[in-house]
Amino acid sequence: MDIEFGLDTFGDITRDANGDLLSAAQTIRNIVEQAELADRVGVDFFGVGEHHREEFAVSSPEMVLAAIASRTERIRLGTAVTVLSSDDPVRVYERFATLDAVSNGRAEVVLGRGSFIESFPLFGFDLRDYDALFEEKLELFVELLKEKPVTWSGTMRPALEGADVFPKTEHGLRTWVGVGGSPESVVRVARHGLGLMLAIIGGPAARFAPFVELYHRSVASFGTASHPVSVHSPGHIARTDEEAWDAAYEGFEAMNNTIGAERGWPPYSRARFQNDVGSAGAIYSGSPERVAQKIAETVRALGLGRFDLKYATGTLAHEQMMQSIELYGTEVIPRVRELLAD
C-alpha cells in the first residue's frame, strides 16, 4: 500500500524546563527545528496551521514554511489549515506559488473554513457569511489553480476579468480541503476535484468510512480528478505508553478546557484522555508499537493515502516533541509500513 506520513503543528505556545511559557518568537524558532528533524528522519510532509489567538504562535504559516524550506531538502511543506474564508484567494495562491518556488516544488496547501473564528472580525468579515465566503473563495481558488487568466464573479469579492496571477508554479500546486465530517463538505471537495483531508479529533476513525466512500462516489459522479484521502489526528509518542500519556495529558487537558470554556464543553479528565488513546478514540499516543498499530488500523479502515499526526498539543515541551518526531520517523513509520505489507 502506497502511503505518505506527515506531521502537523498549530504552533502551540509551549513551556520551558522551568514551566514558564515560551515567547511566540521562540516557539516559531522551535517549529523550524522540529521540521528540520522531521526532514532528517524521513517524514513525508510537515504542516503548519494558521491561528489568530494567544495560545498559538503562527498567524502566517507561509513565512514559517519558507524558513523551513531553506533548511530542509526533501520534506513536503504545507498548512494545517489555511483559513481561506477570511483571506483572499489570489493572495493565498501567490504566497503558495512563491513557497513552491523557494522549496523547489515541495509546497502544498490545505484549505479550510476555520474551526476558530478570530480571523473573521480581525479582517472585517461577517460570520453570517461563513458558508458563502468559503464556497465562493474555494470556487475562485480552483480557477486560479489552472494558472491561466481568470474571469470570475461572485458576491463576496470583487470580480476578475481576464486576470492573470503570478508567479506560476513549475508543476502545479497540490491542494487539499480540510473537512470535519459533514456530507456536504465532502461532496464539495469531490466536485472541485481536490484532495480530501479528514480532521478526526474524536471517536473511532472507522466511523468516517462513509465519508470516504461518499467522496469516491462523488468523484466518479462528477467526473473530477480523484486524489488520495488523508487523515489529520492528534497524538504524542514516547518510549513507553505511560511516558507518552503522562507527558501529553497536561497539554490535552489545558487545550480542551480553554477551548471548551468558549464552546460549552465539559471539563476534560484523565479518564476521557485514556479512552481517547484507546481504540474508541482519536488520540494516537503511546509507545511506537501502540501508535503504529493504531495508525495501521486507521489506514486500513479508511483506505488512506496519507496520515498526518498533529504532534503538538497545548504546552508539551519542545524536547518532548523532538523525541516524538524522532520516534515517529525512525520507528513508527517503518513499523506501519511493515504492518500494512502483511
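Predicted model: local features only at pLDDT ≥ 70, side-chain atom pairs only at ≥ 80, totals over all residues.
Figure 1. Beyond its neighbours within four places in sequence, L22 is in contact (heavy atoms within 4.5 Å) with I13, T14, R15, D16, T27 and N30. L22 lies in the loop between β1 (4–9) and α1 (24–40); helices (H or I, at least four residues) and strands (E, at least two) are DSSP runs, numbered from the N terminus. With a relative accessible area of 18%, L22 is buried, that is, under 20% relative accessible area with a 1.4 Å probe and protein chains only.

**Figure 2. Packing of α1 against α2.** The axes, lines fitted to C-alpha atoms over the stretch in contact, come within 9 Å and cross at roughly 45°. I28, I31, V32 and A35 of α1 meet V64, A67 and I68 of α2. These contact residues comprise seven nonpolar, no polar and no charged, where nonpolar covers Ala, Val, Leu, Ile, Met, Phe, Trp, Tyr, Cys and Pro, charged covers Asp, Glu, Lys and Arg, and polar the others, Gly among them.

**Figure 3. Packing of α10 against α11.** Helix α10 (residues 288–302) and helix α11 (residues 318–341) pack at about 45°, with axes 9 Å apart. This makes α10 oblique to α11. The contact residues divide into twelve nonpolar, one polar and four charged.

Residues are numbered from 1 along each chain as its sequence is written. Local features need pLDDT of at least 70, side-chain atom pairs count only at pLDDT 80 or more, totals for chains, interfaces and linings use all residues, and side-chain values use heavy atoms, leaving out hydrogens and water.

Methods: Axes fitted to C-alpha atoms, helices over the stretch in contact; angles between N-to-C directions. Parallel < 35°, antiparallel > 145°, perpendicular 65-115°, else oblique. Buried < 20%, exposed > 50% of the residue type's maximum accessible area, 1.4 Å probe, protein only.
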